[in-house]
Each structure stands twice: as C-alpha cells, then as structure tokens.
Amino acid sequence: MTAQDSKLGDTDGKIFVGKGDEQAWLTLALANRHGLVTGATGTGKTVSLQVMAEGFARAGVPVFASDIKGDLSGISEAGEAKDFIVKRATEMGLTFQPDQFSTVFWDVFGEQGHPVRATVTEMGPLLLARMLDLNDVQEGVLNVAFRVADDNGLTLIDMKDLRALLDAIVPDSAKKGAGAETDPFAAIRKAAQGFGNVSKATVGTIQRQLLVLENQGGTKFFGEPALTLKDFMKTDRDGRGMVNILVADKLLQSPRLYATFLLWMLSELFEELPEAGDLPKPKLVFFFDEAHLLFNDAPKALMDKIEQVVRLIRSKGVGVYFVTQNPVDVPDRVLGQLGNRVQHALRAFTPRDQKAVAAAAQTFRPNPKLDTAKAITELGKGEALVSFLEGNGTPSMVERVMIRPPTARIGSITPEERKAIMDASPFKGKYDTAVDSESAYEILQKRIAGTAVTADSATGGSGGGILGQIGSIVGTIFGTNVKRGRLSAGQVIARDVTRSVTNQVIGGMAANIGKSVGGQLGGSIGRTLVRGALGGLLRR
C-alpha cells in the first residue's frame, strides 16, 4: 500500500467506496462475483461507477465501461479540490488528492475514440438475428446462409459480404433454355435448399433489416481490423489498470446494436480467456450501463445463454457490473449472480413505483437497524444503500452510506482534451484504418465475371488456386474446415494468426495485398470460427 493509497482510503485487497455508520469496502478477491448499480436518473450512479473504476484501476485491474452521457470521460483528467468535495472527503477521514487515470476511448463509429470492429463471422447468426430483430424463420435462413458460407469457403467480414451471400442463396425462378448461360451460383443455391426452404420473400426481409442496421451505423461496426479484446486488459507504466471507455451517446440511439455489441464482447471474453479460478483480483472489470436493454424482449434461448455466460465468466477472472435504474430490470436468474450491490434512490409516486421499491429492498440482506424500503426513497444525492460480499462470499447486511468523492474530474472533458488523449494512445494507428480484404463479396463477384473457380471446385471448399489448396491443408490441420463448434486450441491460434496478419495491413497498397492473400488463405483458415460463446453454446 502506497502513501497515496492511504490518503485515498484504499487498502491492499479492498476498495473504499463509502461511509455511514459503517465503512463500505469492496473486496478485490470477490469482485469477480459481479455486481449491480441501480438508482433513478440523477441520483449518483455515474459517480459510484467512477469511484469503483478508480479503485480498480489503482489496484492494477483494467476496466471497461460504456459511457452513455459522456460524464465518465472525466476520469482521464485530474480532479479539482472543490469545497464540497474536500468537505465530504474530510468527513470520511480522507485526504483529498487529485488524481487521473490512463484512459483509452473507443467508439463504434470511430468519431470520439478508436474504431471498434468485428467481422460478421465472429458475430454469428444468433447475435446478428437479435440485432436485426428477426423471427424464427428468418433466423433459420440466416443460419443456412452462414452454413453455406462455411462449406464454400466464403469468409463473411462486412455487410456487403453478407448481402452478396444472401443474394447468392435466393432461389432462381428463371427458366433457362438449353443454350442459356450457366448459373454461377447454382451449387450454392442447391446447397442452401438442402438445409431447408429458403424463400425469396424471407431473404428480402432480411435484406431490408440489414438496410435498417446499415442506416444505424452497422456498416462501420462490421469490418477489419477486428478488435482484439486483450487490448482492453492492459496496465500503464505505473502498474495501474487502463480505463477503457466506450463512447456510447450516439450508439445508444440504436439500442439493439448497443446491447448486442456489449453481449458479443462478453461472449468473446468468455471464449478467449482461459480458466483462472479464484484470483486475488480480477483480470478485467466490465461495467454494462443501461443493462435493461440487454434483457428487453430477449427470447428464452438467449436468456439461458446470457445467464450461463454471466455465471461462468467469473471463473475466467472477469467481473461484470450491470448499471440500470431498478433491480427489477434484471431477470431474477441473472440477479442472483450479482453479489455486490449499490442502490441509489428510487422514487415511489405510483403504485407501480412502490412495488418496484419493495422489490429492490428485498434483494438486500436485511439490517435490523434499517428500514430498507423506506431508506431507498429517502436517499439524497450521493447516498446509497450498499451490500458487498464478505470474506466467506456471503452478502453483508445492507448499510446506508455516503459515497466517497472521486479523485479524478467529475463530468465530461473537452474535445481538445479528448484529442490529446487519443493522440497519445498506445493503440493509435492500430485500428484507425479500415482494411477491405478479399472475402465473400469479391469471390462471388469473380464467379459472376467468370474469373472464379468453377462451381464444382467451389463446393469442394478449397477456394481455388495454390493459396486455396494451402488454406485447405492448414484448415484441416487446425480443424477450421469442419462443422462449427467450440474453438479448439488450434482454431484459436488460427484466428489469432489471421487477425495478426490483418492488423498489420495498413494503407491502400497493403490493403490490395490483403485482397489477394488475406482473403484466400485467411478464408480457408477462418471460415468456421466460433461466432462468440453464445452461438457456440446454442449449437450444442
């Protein structure tokens, strides 16, 4: 424990969160048991989130947090010793010392942070169907499309790849004469129909939903270089955890895109990280703001897998903290996995509100000295009811506390400050330039032009040419040209190799090289990658 940490109130293995009749400490060794931060708008949820994020970062734990209003960006700048802040710190026995934390900004749209991209292949049909709000029949056709892409060596990277593939599997109703030109997609259409009825109307509906997603910014999200999630798990030169902030003010205008993107991140972390067991502190803490969007209208199959991922990702050393207005926003079976609780004020103006307050009170371990339901409605700004896991893993009795003041700035930063941080980012240049490697769209266009391999060789899955043959051999070695399932160690290596090559392809000249090499070889290696833990689990 450093002298500075003593002044801030933190001790080895614990984060000081607030003080009332008792002090509230969050134990790092139990922080991967997940948590929940709730309260009405304007009651101090963001400040509580910042206090915990600061504590984790000081302890060397990397943090990822979505920033809905931009207020969390202030964590990157030193706080100011304002009168009310100094007064609150003094009342808690703290010496206020301004501090700031190494911060990386990310933005799906690439406007206020580094671009965040994933490939269509990695997203997979399950999460993509939720993103597009497809029904069961439409989701089934999307699954057929992904299977056909696997079997034909058609790598799905961006939106135009998926559109081209959907066009290729649409039944061809035109009658051809004996001398008519051969359909370049005949084998693909036949393969698609072999998995079930693929109608033109259903494909057309999916295409229209893709247009909606494109209008919401989905075109920028799907592509390469794809995000390497381990870039979130870095520490700075002082050994403090990096604070990764997803700029989500614009992203939240597309709630399904927002929720599905964060769910994809969780599933990818679950898939990529090894088992870690109980650690002295988490490898990463993940704050999921506006968490109710994740559960709204989620089908039962998806809810089952969300619960499974939340339950099991703890063993990978990742703590997930949901931030929402009311505990009832989170389903009971997920709520039961969230051991660390911070409850800010709720208002009870209507009978429905009163029921919500009563339900929130029942989620805490009772304290004989406190009327929990009454206290929830009486909490002032900055006050909260807290219950953190104790040494034996059981929740402590609920306590009413005043949340400690953050040491970094409270509120947003200026555009000039944001630009300076991005210019000094360790990831500057890694993701900033999009790369358009050869993939399904280019391959299908070649078939139309008569420059691609024949339909018979295409159904063989080798991709054509010497690079395609090499790719098929490598795919056999790594097991990526077999039926989709959980990633083996070899497949993980294959994906990492493919990503590593792609991430080095920067600029126009390199992009052209990627079109001839990355697409053909990478397509064979990676065409059957697991598309997130949820998709893989559902196919079991």
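Q: How do the residues lining the largest pocket divide into nonpolar, polar and charged?
A: There are 11 nonpolar, 12 polar and 12 charged residues in that lining, where Ala, Val, Leu, Ile, Met, Phe, Trp, Tyr, Cys and Pro count as nonpolar, Asp, Glu, Lys and Arg as charged, and the others, Gly among them, as polar. This is a predicted model, in which local features need pLDDT of at least 70 and side-chain atom pairs pLDDT 80 or more, while totals for chains, interfaces and linings use all residues. Residues are numbered from 1 along each chain as its sequence is written, and side-chain values use heavy atoms, without hydrogens or water.

Q: Which residues lie nearest its centre?
A: Of the 35 lining residues, G44, T46, V47, K69 and D71 do; a pocket here is an open set of points on a 1 Å grid over the protein atoms alone, with protein on both sides within 12 Å along at least five of seven lines, and lining residues have an atom within 4 Å of a point.

Q: And which element gives the largest share of the lining?
A: That is α2, with five residues; helices are DSSP runs of H or I of at least four residues, strands runs of E of at least two, numbered from the N terminus.

Q: Switching topic, where is I410?
A: I410 sits in the loop between β12 (399-403) and α16 (415-423), and its C-alpha atom is 6.9 Å from that of G79, 331 residues away along the chain.

Q: What does I410 touch?
A: Leaving out residues up to four places away in sequence, I410 touches V47, Q50 and I85, contact meaning heavy atoms within 4.5 Å.

Technical notes. On a 1 Å grid over the protein atoms alone, a cavity is a set of points where a 1.4 Å probe fits but cannot get out, and a pocket is an open set with protein on both sides within 12 Å along at least five of seven lines; lining residues have an atom within 4 Å of a point.
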